[in-house]
Amino acid sequence: MKTLIELDNLKVHFPIGRPRLFGKSHKKLKAVDGVSFKIQKGETLGLVGESGSGKTTLGRAVLRLIEPTEGKIFVRFNTEKVNLTDVSRKELRRHWRHMQMVFQDPYASLNPRMTVKEIIGESLLANNLASGRQLDDKVVYIAGLCNLDVGQLGRYPHAFSGGQRQRIAIARALVMRPQFIVADEPVSSLDVSIQAQILNLLKDLQGELGLTYLFIGHDLSTVAYACDRVAVMYLGQIVELTSTKQLYYTPKHPYTEALMSAIPSLDPEISIQNVILEGEQPNPADPPTGCPFHPRCRYAQKDRCSQEKPLFREISKDWFVACHFADTLQLKGAL
Amino acid sequence: MKEELKLELKHLSISLKIDDSFVPVVNNINLKIFKGKVLALVGESGCGKSVTAMSLLRLLPKELKIVQGEILYHHDRETPPVDIATLSPTGREIRDIRGNKMAMIFQEPMNSFSPLHTIGNQIMEVIRLHRKKSKRQAREIAVEFLKKVGIGDPEKAVDRYPHTYSGGMRQRAMIARALCCNPSILIADEPTTALDVTIQAQVLGVMKQMQKTLGTGIVFITHNMGVVAQMADDVAIMYMGEIIEQGSVMDLLKNPLHPYTKNLLKAVPQLGDIETRKRLKPIKGSVPSLFERPSGCAFSPRCEQMIPGRCDQDAPPQYQPFKDHFVVCFLHEKSSGMEGR
């Protein structure tokens, strides 16, 4: 399989606190701190983690909607491999045709003063890719693909329900015929019966158009359903990355284990056996030394985990874990 | 020992008043909440579950009126119950119940505390209002409850302001505030929807423990079936203001009867499906607006087993195909004795 996106030690640091008298602020919030992974063409890579773990920042940084502080983003939309962090702003726009985003809240992401047709067609106009009759045709075609009622394209977003709005947002992302889509919690704000419609739509579109997704979510069952591989994020770092099945059933990182144990089972006879996480996620502005998870980890060994930062390493084929004891720990997965 | 009935809703109907017309929002619902039991109220947005919850404490906005029915609160086994529906929403009697005998946890932990007062003061306010305690005693109780819900270093945390608490901590502090007067009923309106799974597990654990140790009866409003399976004793499914199916959590999840309940369970991804990659089955269409209520059974336009000429014409009555398992659907007409509505 072909690698479409490759992140190499990507970092996004935000300056915080008051700047010193001479010079810049010295404190930094490391929202994304050294993330490396590859996304293959045609796959859906899930990204899960608690709020504040840096999922959304990472998702945006991949598209350079937030400028990365350090690291490289390689994309291979045509035959050549391009480092996205090297290109100029102007050139970036050209690459954006191939990579689009679907946002979390369809009530906030659609301009209420534009008709649906204008919303979907805007990016084509802005890039001079179509106009007039051709534009209409393209918009209608994509709207149809997203199961929108083509007769209603002249209406404004307020006339649509949450599920329909998310379809509009997906149509807007697809109209440029991108190869890669970052979907940031695309179903979190929707009702359960509507979630299934959108998840199925995303799957169908992937099959028809050969799309590649980075699917950000915090609902673990939804992510399991939607994704081929899943990456778990904690305090700006990826702690585990492997196939959905392996990650959910046989996790190798203690944090993944804790996440999996917290999923409420649909079977009332199976009661949750929580691997209770002690305390809260630490303040990302002041992360712990060594392994970021060690203060909450029940397997942590005093000297090593608090001192030495574990490497994000491949413990077996396509299975990456950042834990010193990944090879020896026997962890429980979700049922 | 027989279960102790604490709260009973009888034929409760609530309508939205627009000019001079009434649009039904909650339609003729019957529920019973017992001491130490958890009743889950499940449904999609707009089905009337939050309105029902608000009505129990008479917190409804002016536009929403209780047009019919009773909300009976049982103080104890001896005295006759109080009908909350007839009380004045600002009167002394309801204020004696609200926050004291019956307390509520809201969905948004971020907006449910005043940013101008410490968490401790906001818990102490409730205690001082309902229980004759000195400031120092109230403070001790506040610390004790913060400790019970698992807030670290409660002696210090009690004097901190809400903005220093994380979402999960605030939600737990809200549980502490709701439970500090030992209410016999706790109404929790989507208490974990805004939280991460790990924090959700913590909060659910705290609620479960409180229910066991203090014998609190809980009305748990949610749309997450997994949470229902883990928390509830009994479940009522709501659709467009009506309870369409009701039963014990085992019966309802293992043997759902109403097509809507079945669909709802099929529409959520399950972990067991990772290998099979089974396709989700969404429910077609979306919930109709309150103003365009379909005739007959409200679910009929979205139902795959709809009987033309029947379901879209007549409103189905309530059937009881199994003991303590009710369903409002014509498909179960033959298999059961009918119970009038």
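Reply: What follows goes through confidence, then the sheets, then a pair of helices. This is a predicted model, in which local features need pLDDT of at least 70 and side-chain atom pairs count only at pLDDT 80 or more, while totals for chains, interfaces and linings use all residues. Residues are numbered from 1 along each chain as its sequence is written, and chains are lettered from A and ligands numbered from 1 in the order in which they are written.

Me: What are the ipTM and pTM scores?

Reply: The model scores ipTM 0.80 and pTM 0.86.

Me: And where is confidence lowest in chain B?

Reply: On pLDDT, the predictor's confidence in each residue from 0 to 100, the lowest mean in chain B is 51, in strand β13 (residues 337-339), whereas strand β9 (residues 234-239) of chain B is highest at 96. Strands here are DSSP runs of E of at least two residues, and helices are runs of H or I of at least four, numbered from the N terminus. Chain B averages 89, with 97% of the residues scoring at least 70. Where pLDDT is low, the predicted coordinates should not be read in detail.

Me: Which order do the 8 strands of the chain A sheet take?

Reply: The open sheet runs β6-β7-β8-β3-β9-β10-β12-β11 (chain A) with mixed pairing, where two strands pair if DSSP finds at least two bridges between them. Because β6 (99-102) and β11 (313-316) of chain A each have a single partner strand, they stand at the edges and one side of each is left without a neighbour in the sheet.

Me: How many bridges join β6(A) to β7?

Reply: There are 4 bridges between β6(A) and strand β7 (residues 180-184) of chain A, and the two run parallel; A:Q100, for instance, has A:I181 in β7(A) as its bridge partner.

Me: Switching to helices, at what angle do α3 and α4 of chain A cross?

Reply: The axes of helix α3 (residues 116-126) and helix α4 (residues 132-145) of chain A cross at roughly 120 degrees and come within 10 Å, the axes being lines fitted to C-alpha atoms over the stretch in contact, with angles from 0 to 180 degrees between N-to-C directions. That makes α3(A) oblique to α4(A), since angles under 35 degrees count as roughly parallel, over 145 as roughly antiparallel, 65 to 115 as roughly perpendicular and the rest as oblique.

Me: Back to chain B, how many bridges join β1 to β2(B)?

Reply: Strand β1 (residues 5-18) of chain B is joined to β2(B) by 10 bridges, running antiparallel.
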